[in-house]
Amino acid sequence: MTGAIKTFTWAEVEQSALKKTTVDDVENGGPALMVIHNKVYDIGAGTGFFRFHPGGAVAISQIGKDASGAFEVFHTENAESMMSDFYVGDLAPKEVPKPNPFKEDVNELRNKLIAMGAFKSNKLYYVWKLVSTFSICAASAAILINYGRTSTLAVIAAGSLMAIFWQQSGWLAHDFLHHQVFKNRFYNNVVGYIVGNVWQGFSVSWWKDKHCTHHSVPNVHGEDPDINTMPFLAWSEHALELFHDLKDADAARFFVNYQATLFFPILGVARLAWCFSSVRFNMGDKLLISPTVAFWEKSTLAAHYIWLLSLTFTFCTPLLGLLFLFVAECGCGLLLAFVFTVNHNGMPVYTTEESKKYDFYELQIRTGRDVYSNLFSDWFTGGLNYQVEHHMFPTLPRHNFYMSQGLVEELCKKHNVPFHKTTLVGGTGEILARLAQLSNAANKIRRIEKKN
Ligand code: HEM
C-alpha cells in the first residue's frame with residue numbers, strides 16, 4: 001500500500017530558500033524545495049543533488065520558486081527521467097496557479113519551432129565558424145612572427161586581431177556550451193574546452209556556472225552575477241542601497257559618480273577579471289567540480305597560457321610583447337563586455353520578489369534587448385543581437401535565431417509584453433543614459449548622507 005502524496009504550500013516552498021545561496025548552505029540546511037510543473041522537488045541536505053547534477057550550482061537560483069521554465073530550457077528528456085529521485089510531493093490543489101495563456105503560447109511556439117526544424121544545427125555552418133575564427137588567430141600570429149621585433153604598428157594590429165579572435169571564440173564556445181550544435185552533449189563540451197579554455201582562456205565550468213545562473217535569473221538584483229558589478233558600475237537603484245554594506249564604499253562612490261565616463265575603460269579590464277575568475281574557480285580544496293573535470297580544466301587553461309606566452313615572447317621584444325598582450329587583453333574585454341552590456345544593461349532590474357510576478361519567459365523578454373540584424377551585427381555579436389530569442393530557447397542554433405524572432409514579437413504583441421529592439425548605437429545610448437541617471441541618484445544619496 002502506498003502512502004498519501006504529501007502536499008506543500010508556496011509559503012513552505014519559499015521558506016525553504018532562506019539563507020541558501022551556496023552549495024554548502026544547501027547541503028547543510030534542511031530541505032531546499034522548488035516547483036516544476038506543480039510538483040515539488042527537494043535538492044537540499046541529504047539528497048546528494050550536487051554530486052549528481054551536471055548543471056552544478058545553477059539550480060540554487062531556483063530554490064523557493066517555480067522552476068518550470070528554467071527546467072524546460074536547460075534539460076532533455078533524460079533529465080525528466082531522473083526527477084523522481086528528488087520528488088517529494090505536489091503543490092496543494094488550492095495553491096496550483098491558474099493556467100497561464102502566455103506560457104501556453106510559449107509552449108506552442110516551441111513546438112512550432114521544433115516542427116520547422118529550427119532546433120537542428122547545420123554542422124557545415126559550425127565548421128565554417130571554427131575555421132574562419134581560427135584563421136583570425138593565424139593572421140595575428142603571422143604578423144607577430146614577421147614583425148614582432150620591428151614594428152609597433154604591426155604589433156598593435158596583431159593584438160587587435162587577437163582581441164577579435166578571442167571575442168569570436170567566446171561566441172563559438174557559447175553556442176557549443178548551450179548545446180546548440182550536437183545532440184550528444186559530450187561532443188559540445190569537448191569543443192567547448194578547446195575553443196573556451198585553450199583558445200580563449202576562459203574555464204568551461206566557471207562560465208557555465210556564471211552564465212546559466214544569469215539565464216535563470218536575468219537582471220534579478222542580488223541573483224544575476226552579470227549585474228553584480230559594484231563597486232565599479234551600478235545598474236539599478238537597488239545596487240545603490242549596497243553603498244552602506246560595501247567594504248569599499250568610498251571606491252564605489254567614486255566609480256559610480258563617474259560611471260558613464262568610465263564605462264568603456266572599465267569594460268577594457270573585463271577580460272582580465274574573467275581570466276582571473278576562471279583560474280580561481282578551479283583552484284582550492286573545496287571545488288564544485290569532480291577531480292576529473294578539474295584535471296581537464298587545469299590542463300586546458302595551462303595550454304592557453306603556454307601557447308599565448310610562447311608566441312608572444314618568442315617573436316616579440318619584451319616591450320612589444322607586453323604591448324601585444326595589453327592590446328589583445330583590453331581589446332577583447334571591450335569587445336566582449338560591450339556586447340553583454342547591450343544585451344541586458346539599462347533594461348529593467350527586478351528584486352527577487354518583483355521577478356516572481358513574471359513567468360520565467362516573460363522575465364527573459366522584459367530584461368533582454370534585441371539589436372536589429374544585419375551582416376555586421378550578426379557577426380560582431382555572435383548572433384546575440386537576437387538576445388530575447390536566445391534566452392527563450394538557449395539550445396536553438398545561432399543560425400536559426402532569425403526563424404523565431406517574428407514569432408516571438410507576435411507573441412509579445414498578443415500578450416502585451418514589452419519587446420525591445422534597437423540598433424547597436426541606440427542600445428549604447430540607453431546604457432550611458434541609465435548610468436548617468438544612476439550617478440545622479442547616487443549623488444543625491446551622498447548629499448542626504450552629508451546633511452545627516
Ligand atoms: C530535480 C531537478 C533537476 C534534475 C533531475 C536535473 C537534472 C539534470 C541533468 C540530468 C542534466 C544533464 C542534461 C540532460 O540530461 O538534460 C542537467 C543539466 C543542467 N541543469 Fe539540471 N536538473 C534539475 C534541476 C535544475 C534546475 C532547477 C536548474 C536551474 C536552472 C538546472 C540547471 C541545469 C543546467 C544549466 C544544465 C546544463 C549543464 C550543462 O550545460 O552541462 N537544473 N540537469
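Tutor: Residue numbers start from 1 along each chain as its sequence is written. The model is predicted, and local features need pLDDT of at least 70, side-chain atom pairs count only at pLDDT 80 or more, and totals for chains, interfaces and linings use all residues.

Student: What makes domain 1 and domain 2 domains here?

Tutor: Domain bounds come from an automatic or database domain assignment. For this chain, that assignment gives domain 1 as 7-97 and domain 2 as 100-452. Their C-alpha centres lie 27 Å apart.

Student: How do you know that residues of domain 1 are in contact with domain 2?

Tutor: Contact means that two C-beta atoms, placed from the backbone, lie within 7 Å. By that test, 14 residues of domain 1 are in contact with 14 residues of domain 2. Helix α4 (residues 68-74) gives the most to the domain 1 side, with 5 residues. Helices are DSSP runs of H or I with at least four residues, strands are runs of E with at least two, and both are numbered from the N terminus.

Student: Which classes make up the side of domain 1 that touches domain 2?

Tutor: That side has 7 nonpolar, 6 polar and 1 charged residues. Nonpolar covers Ala, Val, Leu, Ile, Met, Phe, Trp, Tyr, Cys and Pro; charged covers Asp, Glu, Lys and Arg; the others, Gly among them, are polar.

Student: Why does the span of helix α15 agree with its residue count?

Tutor: The expected span is 1.5 Å times one less than the number of residues. Helix α15 (residues 291-315) has 25 residues, so it should span 36 Å, and its end C-alpha atoms are 36 Å apart.

Student: What makes E297 in α15 buried?

Tutor: Buried means 20 or more other C-beta atoms within 10 Å of the residue's own, with C-beta atoms placed from the backbone; 12 or fewer is exposed, and in between is partly exposed. E297 is buried, and so are L301, L311, T312 and F315. The cover over the buried residues of α15 includes α7 (123-147) and α16 (318-344).

Student: Which residues of the shell are closest to the ligand?

Tutor: They are G55, A70, T76, N78 and A79, from 22 surrounding residues. A residue is near a molecule if its C-beta atom, placed from the backbone, lies within 6 Å of it. The shell draws at least three residues from each of domain 1 and domain 2.

Student: Why are β1 and β2 called edge strands?

Tutor: Strands pair if DSSP finds at least two bridges between them. The open sheet runs β1-β4-β3-β2, with mixed pairing. β1 (7-8) and β2 (33-36) each pair on one side only. β2 is joined to β3 (residues 39-42) by 4 bridges, running antiparallel.
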